[in-house]
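Subject: Structure for you to look through

Hello,

Here is the structure I said I would pass on. Please open it first and keep it beside you while you read the notes below it.

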Amino acid sequence: MTNDQLWQATLGELEILISRVNFTTWLKNTFIVSFQDNHIIIGTPNTFTKAWLEKKYHQHILQAIKNIIKLPEVKVEYVVVTSKPA
């Protein structure tokens with residue numbers, strides 16, 4: 001599974017849990033920067049989105065990822081990335 005496939009599957013689970021407006025506002029421009037050794041780095045467009053995801057949606061994101069990749073321990077971190085890598 002690629003990072004994009006994992007993130008799309010994660011977003012699919014999150015879409016059911018949160019309102020359409022919040023989903024679009026907070027998750028639209030996010031993506032997985034890297035995934036190695038059970039450590040996932042999620043790119044966000046700005047510091048406000050990063051802080052909001054950490055505070056408000058971290059547990060939902062973590063649980064959705066765990067459901068998809070079937071690993072008991074996963075570390076999720078958020079970083080600000082101005083443009084998605086090709």
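Before the helices, one definition: an axis here is a line fitted to C-alpha atoms, for helices over the stretch in contact, and angles run from 0 to 180 degrees between N-to-C directions. Please also keep in mind that this is a predicted model.

**Helices α1 and α2**

Helix α1 covers residues 3-17, and its axis comes within 10 Å of the axis of α2, the two crossing at roughly 150 degrees. That makes α1 roughly antiparallel to α2, because angles over 145 degrees count as roughly antiparallel. On the α1 side the contact is made by Trp7, Leu11, Leu14 and Glu15, and on the α2 side by Arg20, Phe23 and Leu27. Sorted by class, these are five nonpolar residues, two charged ones and no polar ones.

**Helices α2 and α3**

Helix α2 (residues 20-27) also packs against helix α3 (residues 47-69). Their axes are 10 Å apart and the angle is about 125 degrees. That makes α2 oblique to α3. The crossing of these two helices is left-handed. From α2, the residues Asn22, Trp26 and Leu27 take part, and they meet Phe48, Thr49, Trp52, Leu53, Tyr57 and Ile61 of α3. Seven of the residues in this contact are nonpolar and two are polar, with no charged residue present.

In what order do the strands of the open sheet lie? The order is β1-β2-β3, and the pairing is mixed. β1 and β3 stand at the edges with a single partner strand each, so one side of each has no neighbour in the sheet. From one strand to the next, the twist averages 25 degrees.

Strand β1 (residues 31-36) and strand β2 (residues 39-44) pair in the antiparallel sense, over five bridges. Within this pair, Phe31 stands opposite Gly43 of β2, and Gln36 stands opposite His39 of β2. β2 and β3, on the other hand, pair in the parallel sense over six bridges. Here Gly43 stands opposite Val79 in β3. Another bridge joins Thr44 to Val80 in β3.

α1 packs on it and touches β1 and β2, and its direction makes about 120 degrees with that of β1. α3 packs on it as well, touching β1, β2 and β3, with its direction at about 145 degrees to that of β3.

Is β2 largely enclosed or largely open? Five of its six residues are buried, so β2 is largely enclosed by the rest of the structure.

**Ile32**

Ile32 is found in strand β1. Ile32 is buried, with a relative accessible area of 7%, because buried means under 20%. Which residues does Ile32 touch, leaving aside its neighbours within four places in sequence? They are Asn3, Leu6, Trp7, Ile40, Ile41 and Ile42. Ile32 and Gly43 are 11 residues apart in sequence, and their C-alpha atoms are 5.9 Å apart in space.

**Positive phi values**

Most residues other than glycine have a negative phi. Asn38 is partly exposed, at a relative accessible area of 33%.

Lys70 lies elsewhere, in the loop between α3 and β3 (75-80). The phi of Lys70 is near 60 degrees, a positive value in a residue other than glycine. Is Lys70 buried or exposed? With a relative accessibility of 65%, Lys70 counts as exposed, because the cut-off for exposed is over 50%.

Regards

Terms used. Residues numbered from 1 in each chain as written. Predicted model: local features only at pLDDT ≥ 70, side-chain atom pairs only at ≥ 80, totals over all residues. Heavy atoms only, no water. Helix = DSSP H or I, 4+ residues; strand = E, 2+ residues; numbered from the N terminus. Parallel < 35°, antiparallel > 145°, perpendicular 65-115°, else oblique. Left-handed = near helix turned anticlockwise from the far one by under 90°. Contact = heavy atoms within 4.5 Å. Nonpolar A, V, L, I, M, F, W, Y, C, P; charged D, E, K, R; others polar. Pairing = 2+ DSSP bridges. Buried < 20%, exposed > 50% of the residue type's maximum accessible area, 1.4 Å probe, protein only.
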